[in-house]
Amino acid sequence: MLIFEQSRPGRRAFAQAPARKAALDDIPAEFLRDKPPALPEVSEMQVVRHYTRLSQKNFSIDTQFYPLGSCTMKYNPRACNSLAMLPGFLGRHPLAPLTHSQGFMACMFELQELLKEVTGMSEVSLVPAAGAQGEFTGVAMIRAYHDAQGDTGRTEIIVPDAAHGTNPATAVMCGYKVKEIPTDAAGDVDLEALQSAVGPQTAGIMLTNPSTVGVFERNIEQIARIVHEAGGLLYYDGANLNAILGKCRPGDMGFDVIHMNLHKTFSTPHGGGGPGAGPVGVSERLKPFLPVPMVAKDGYGDYYWLTEKERPQSIGKLMTFAGNAGVLLRAWIYARMLGREGMIRVADHATLNANYMARQLEKAGFDLAYPQRRATHEFIVTLRRQAKELKVTAMDFAKRLLDYGYHAPTTYFPLLVPECFLIEPTETEAREELDGFIEAMKAIQHEAETEPDTVRSAPHTLPVRRLDDVRAARELDLKWKAGE
Amino acid sequence: MPFIPHTEDDVRHMLEAIGVESIEQLFDEIPAHLRAGDLPGIPEGMSEMEVGALAHSRARRDGQALCFIGAGAYDHHVPAAVWQLATRGEYYTAYTPYQAEASQGTLQLLYEFQSMITALMDMDVSNTSLYDGASAVAEAILMAVRGNRKSKSKRILVPRSLHPAYRKVAHTIVRNQQIELVEVPFDSTTGTTDLDALTRYADEDFAALVVPQPNFFGMLEPVDAMTDWAHANGMLAIGVVNPLAMSVLTPPGQWGETGADIVVGEGQPLGAPLSSGGPYFGIMCSTQALVRQMPGRIIGRTVDLEGRPGYTLTLQAREQHIRRSKATSNICTNQGLLVTAATIHMALLGAEGLARVAAASHANTRELVGRLTAIDGVESVFDGPCFHEQVIRLPMPVRDALKTIAAHNVLGGFDLSEDYPELGNALLVCATEQRTVEDIEHYAAKLERVVAAQGRAKCPVEPKFDTTP
């Protein structure tokens with residue numbers, strides 16, 4: 001039932017609004033609304049009960065193992081939430097003067113410094129609101145750099161075929177053409193293809209390392225050399241930073257610009273699809289182009305803002321204010337709790353869990369997409385054989401996993417591996433949870449062999465069965481209408 | 001080990017299962033010389049208690065000032081239930097609802113959000129949010145260039161009365177696609193878009209006109225005339241609105257003869273705390289005709305195998321994970337948790353509650369401006385109706401006045417002298433429903449003393465820093 005269907009004229013949550021209605025008599029009638037909007041009229045308790053019940057129809061990290069590859073669904077520590085929601089942090093106006101900002105700015109400055117150190121970059125801006133905005137920022141800086149050199153003939157961004165969809169979409173938003181290059185059989189970038197793709201038209205390359213196929217890009221130094229020699233720059237998509245946090249650094253690999261997904265690596269919540277935070281880090285030569293504002297510290301230990309005035313070559317502002325501050329605070333709290341040792345342990349145990357699951361699934365008869373490679377923090381299982389022989393697809397396995405109480409891994413991504421599951425357990429899952437998932441996969445395999453319809457028609461135990469997506473797109477129903 | 005469950009025994013067992021000696025061996029594909037050193041710049045880890053003490057001291061340090069700043073972020077009351085519900089783990093720790101059957105809670109809530117926002121705006125369709133108000137304006141401009149079939153132009157008319165940060169952000173985001181933003185001046189008497197200046201562009205090709213309501217100065221724009229003028233000249237009308245104001249003002253779907261085509265706005269007044277500027281969320285609505293040009297997630301209602309109603313992500317063929325380089329935008333994640341809070345906020349307040357908050361904020365700002373302009377030398381800058389913000393002029397540099405008042409823990413407003421030097425010592429002030437008569441009196445008394453004192457002596461201390469983001 002929708003909240004609208006519980007509405008009755010004249011019902012309200014009376015405690016939540018001013019007791020009397022002030023006059024608007026100085027506003028001419030032509031500006032005033034003649035009919036109130038059709039919002040629900042419900043009591044406070046109806047609202048609380050409705051949205052509590054709705055929440056119970058969700059899978060979440062707090063309630064289920066959520067091995068969604070490339071999304072790093074790790075535990076979100078409660079302290080990060082409660083401390084970021086201290087009244088002093090929540091109540092600070094974004095345009096408050098420096099005298100009323102030093103506490104907040106100290107946290108942001110420390111976060112900038114921590115991220116610099118752990119990624120090996122020269123400077124960090126915290127502004128971008130999400131990974132995709134971080135990508136936009138990075139590519140816009142690459143463009144600003146070439147423009148500042150007077151090098152305006154660079155019109156292409158190279159993207160491996162395994163890349164996230166945001167990479168090519170971002171390149172286009174920045175006015176570039178996209179040149180795709182293939183991945184070789186072992187999961188590395190095809191160096192010959194790269195060599196023949198680069199030239200005076202190359203603005204840069206966008207890479208994820210470990211790549212989206214779940215392996216470390218072993219040729220990264222050769223890639224950096226080839227692209228740099230052609231005059232292009234290297235962009236690091238930080239989607240998989242959890243795999244190497246504290247182990248090796250994009251800055252040392254030769255990347256010129258990176259974005260980090262704090263909602264992945266630094267454990268800020270995914271919130272049902274945001275808010276995220278996508279800070280960017282750059283090498284020395286891209287520093288002048290970073291987006292503003294950033295926090296700086298003067299010789300007296302006081303913090304101040306770097307704006308367009310101090311950074312005239314900046315690509316400019318990306319958000320109304322200074323970014324998703326509340327998310328950044330959560331990441332700062334998490335980073336301070338982990339510390340140096342804790343960050344290295346993240347990569348250690350994320351990698352341990354992924355390799356353990358990969359081997360156990362392989363032993364159970366599943367096909368790994370890259371069996372000869374070490375898994376990183378994630379790995380790919382391909383269900384091509386099951387799809388062909390049993391007519392049970394990766395989608396069917398995914399839906400059946402929901403019945404077993406596990407969120408499905410990422411399905412059908414990356415696109416170059418057919419019928420694939422991209423599985424990322426993260427470091428915060430206990431061994432028993434991983435074993436439980438492996439047992440569920442075995443059980444579903446057995447079902448696929450003996451009673452395939454059970455799998456093909458899953459899920460059976462959730463609030464709804466499989467939904468008609470075609471109808472959703474053809475007969476658009478995007479809002480509630482009274483009387484339906 | 002913080003947040004890692006493994007015992008030594010677990011690790012040993014798992015390494016055996018993998019067939020390696022040590023965790024270190026799992027990293028043997030990384031060239032040895034690329035391995036990071038000791039990371040001396042990262043401090044030792046802290047316990048929850050220690051971080052808690054540090055966070056409390058930092059949060060306290062910024063004080064809880066009496067706030068009369070608006071300028072795009074407003075200090076409204078947020079009912080206790082809003083964030084208690086929104087931070088339930090089932091909402092807080094879920095991801096984008098790709099697996100619809102396991103995400104019906106979030107999906108239904110987002111469908112309710114689309115229903116509420118379209119009702120508030122009187123528009124056909126809504127997405128489930130963009131990053132914030134400024135980035136939503138940029139996306140609306142990109143959408144208008146794609147969606148306006150009558151125009152081949154990549155030029156957009158943008159009033160100078162639109163939030164300066166929105167104009168800057170839009171420029172950053174659209175300029176690499178060779179889209180040009182052309183500024184339309186405001187009338188110095190009314191503080192609203194100069195309609196005569198607008199008519200000078202009638203013979204040129206533009207994809208859209210941006211129509212703010214209220215505008216950055218808090219003034220009410222002639223939205224009917226602007227919308228009709230845009231349509232008469234082959235342009236789309238992009239409304240940029242404060243959603244709270246739409247509970248009492250004419251919604252963009254009813255502007256002029258046929259209404260605005262695209263509507264965006266900052267969602268913060270609907271349940272998001274000030275929180276240093278984010279996370280907030282960007283609202284985006286449009287007409288049905290433009291729905292396939294819309295960026296971001298959209299939720300549709302459909303049925304399952306057994307015919308029961310259910311909710312799912314729809315029109316995904318617009319999006320980057322399907323269309324890649326041909327997507328409407330690179331946006332992936334939106335601001336889901338803020339939308340969760342806003343949906344609960346709107347359900348709690350309802351149309352009547354929102355209208356009361358809007359009217360109280362309007363009345364308090366009138367009260368504030370009346371009291372401040374009673375001070376000798378302080379005057380109101382523009383004539384005409386406003387929503388809950390207004391511009392006043394001081395007989396002294398605004399920066400000096402604000403600094404002295406801030407020392408008394410009162411934040412007196414937003415200094416306009418940098419963004420609008422033509423307005424002189426202009427200050428944008430706002431009093432939401434949370435400011436009391438006593439608060440207003442307190443501020444006025446401080447300002448009165450500062451203004452009176454400035455004739456006699458200069459401000460004693462030069463500000464060490466004077467920039468804000």
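Biologist: Which residue stands opposite A:Cys420 in E13(A)?

Modeller: In this predicted model, A:Thr382 is the residue that stands opposite A:Cys420 of E13(A).

Biologist: And how do strand E11 of chain A and E13(A) run, parallel or antiparallel?

Modeller: They run antiparallel, with four bridges joining strand E11 (residues 379–382) of chain A to E13(A).

Biologist: What about strand E12 of chain A, how many bridges does it make with E13(A)?

Modeller: Strand E12, which covers residues 410–411 of chain A, pairs with E13(A) over two bridges, again in the antiparallel sense, and A:Thr411 has A:Phe421 as its bridge partner in E13(A).

Biologist: Switching topic, how many residues does each chain bring to the contact?

Modeller: Chain A contributes 173 residues and chain B contributes 160 residues. On the side of chain B that touches chain A, helix H11 (residues 336–372) of chain B gives the largest share, with 20 residues, and by class that side holds 81 nonpolar, 53 polar and 26 charged residues.

Biologist: Last one, where do the domains of chain A fall?

Modeller: Domain 1 spans 7–55, domain 2 spans 79–337 and domain 3 spans 346–469, while the centres of domain 1 and domain 3 of chain A, taken over C-alpha atoms, are separated by 46 Å.

Conventions:
Residues numbered from 1 in each chain as written. Chains lettered and ligands numbered in written order. Predicted model: local features only at pLDDT ≥ 70, side-chain atom pairs only at ≥ 80, totals over all residues. Domains from an automatic or database assignment. Contact = placed C-beta atoms within 7 Å. Nonpolar A, V, L, I, M, F, W, Y, C, P; charged D, E, K, R; others polar. Pairing = 2+ DSSP bridges.
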